[in-house]
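Colleague: I am new to this one. Can you take me through the terms used for it, and what backs each of them?

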Amino acid sequence: MFVTVGVMPAPDASPRSRRDRPAKPALTADGIVAAAVKLMNQGHDQVTLRLLARELDTGPASLYVYFRNADELHAAMLDEMLGEVDLTPVTAPGDWRERLMKILASYIHILYTRPNLARSALVSRPRGRNYFDLIEALMSVLYEGGMDTERAAWGVDLLLQLATATAVEHGTRNQDPNAAQEWQAFLTALRTIRPDRHPHITAATAELVSGTPEARSRWQFLVLLNGILTAPAPSPRTP
């Protein structure tokens, strides 16, 4: 009885060079930011340089060539996201205050859905094209409302501070699973305070918690705008 034995092909004795692997794309600042935004949109709350380096198959030291620290990276990420802000109200018809608040509402929405990035906006100032496009749009509408250069320049900073803080506050609460319980605990405490010790709070209990977030935000912006219009112009002009 004969058994046919198959002849196995001889293994390739020549070693494979690492150069046979597909070359990694060259790192660029724009590519790094795009990868960071992708990670954030995939659900990563904290996009660190170490996490980003793993995503890009490189070492953290390579990223420091482009960004000195995480704050600088987050500022660049924020500028990238600001490209989504709706600036069309600048040239739309209608009251200038209403159009300004539409731009700010779009800005708040962008940050509201990314509260961790919004928190970095409180301390890291973007310096990219999209950020300056936003500033230009807001100042254009403020000029239309009759503000001079000084009021518009200081006013736009104040408006963005309020918008950013609003996005951080409500966006953070939206992600907190205990937010509803904490709110109910606050309401209970508010309704059980002693009238003899806090008579003004007792009289205004309903008003203190009235209104939707949208209505409160609108009122706050109107207060700021009216105040900026009537406040004395900033002086002296110092750098």
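Predicted model: local features only at pLDDT ≥ 70, side-chain atom pairs only at ≥ 80, totals over all residues.

Colleague: What makes up the protein chain, in helices and strands?

Modeller: The protein chain has 12 helices and 0 strands. Along the sequence, the pattern reads α-α-α-α-α-α-α-α-α-α-α-α.

Colleague: How much of the protein chain is buried?

Modeller: Of the 239 residues in the protein chain, 34% are buried. Buried means under 20% relative accessible area.

Colleague: What share of the contacts joins residues 24 or more positions apart?

Modeller: Among contacts in the protein chain with a separation of 6 or more, that share is 69%.

Colleague: Now the helix pairs. What is used to describe two packed helices?

Modeller: Two values are used: the angle between the axes and the distance between the axes.

Colleague: Take H5 and H7. Why is H5 called roughly antiparallel to H7?

Modeller: H5 and H7, residues 129-144, pack at an angle of about 160°, with axes 9 Å apart. Angles over 145 degrees count as roughly antiparallel, so H5 is roughly antiparallel to H7. The crossing of H5 and H7 is left-handed.

Colleague: Which residues of H5 and H7 meet?

Modeller: From H5 come Trp96, Arg99, Leu100, Ile103, Leu104 and Tyr107. From H7 come Leu134, Leu138, Val141, Leu142 and Glu144. By class, the contact of H5 with H7 has 9 nonpolar, no polar and 2 charged residues.

Colleague: Which residues of H5 and H12 meet?

Modeller: On H5 they are Trp96, Arg97, Glu98, Leu100, Met101, Leu104 and Ile108. On H12 they are Ser217, Arg218, Phe221, Leu222, Leu225, Asn226 and Leu229. The contact of H5 with H12 has 9 nonpolar, 2 polar and 3 charged residues.

Colleague: And how do you know that H7 and H8 are oblique to each other?

Modeller: The axes of H7 and H8, residues 149-175, come within 10 Å and cross at roughly 125°. Roughly perpendicular ends at 115 degrees and roughly antiparallel needs over 145, so H7 and H8 are oblique to each other. H7 passes H8 in a right-handed crossing.

Colleague: Which residues of H7 and H8 meet?

Modeller: H7 brings Tyr131, Leu134, Ile135, Leu138, Met139, Leu142 and Tyr143. H8 brings Thr149, Ala152, Ala153, Val156, Leu159 and Leu160. By class, the contact of H7 with H8 has 12 nonpolar, 1 polar and no charged residues.

Colleague: On to single residues. Why does Arg114 count as buried?

Modeller: Arg114 has 15% relative accessibility, and buried means under 20%, so Arg114 counts as buried. Arg114 lies in the loop between H5 and helix H6.

Colleague: What is Arg114 in contact with, beyond its neighbours within four places in sequence?

Modeller: Those contacts are with Met40, Asn41, Met81 and Glu84. The side chain of Arg114 also has a polar atom 3.0 Å from the backbone oxygen of Ile110. A polar contact of 3.2 Å joins the side chains of Arg114 and Thr113.

Colleague: Why is Ser106 called buried?

Modeller: The relative accessible area of Ser106 is 15%, under the 20% cut-off, so Ser106 is buried. Ser106 lies in helix H5. Leaving out residues up to four places away in sequence, Ser106 touches Glu84, Val85 and Asp86.

Colleague: What makes Val123 count as exposed?

Modeller: Exposed means over 50%, and Val123 is at 67% relative accessibility, so Val123 counts as exposed. Val123 sits in the loop between H6 and H7. Val123 and Asp71 are 52 residues apart in sequence, but 8.4 Å apart in space, C-alpha to C-alpha.

Definitions and conventions: Residues numbered from 1 in each chain as written. Heavy atoms only, no water. Contact = heavy atoms within 4.5 Å. Helix = DSSP H or I, 4+ residues; strand = E, 2+ residues; numbered from the N terminus. Nonpolar A, V, L, I, M, F, W, Y, C, P; charged D, E, K, R; others polar. Buried < 20%, exposed > 50% of the residue type's maximum accessible area, 1.4 Å probe, protein only. Polar contact = N/O pair within 3.5 Å; in protein donor to acceptor, adjacent residues only side chain to side chain. Axes fitted to C-alpha atoms, helices over the stretch in contact; angles between N-to-C directions. Parallel < 35°, antiparallel > 145°, perpendicular 65-115°, else oblique. Left-handed = near helix turned anticlockwise from the far one by under 90°.
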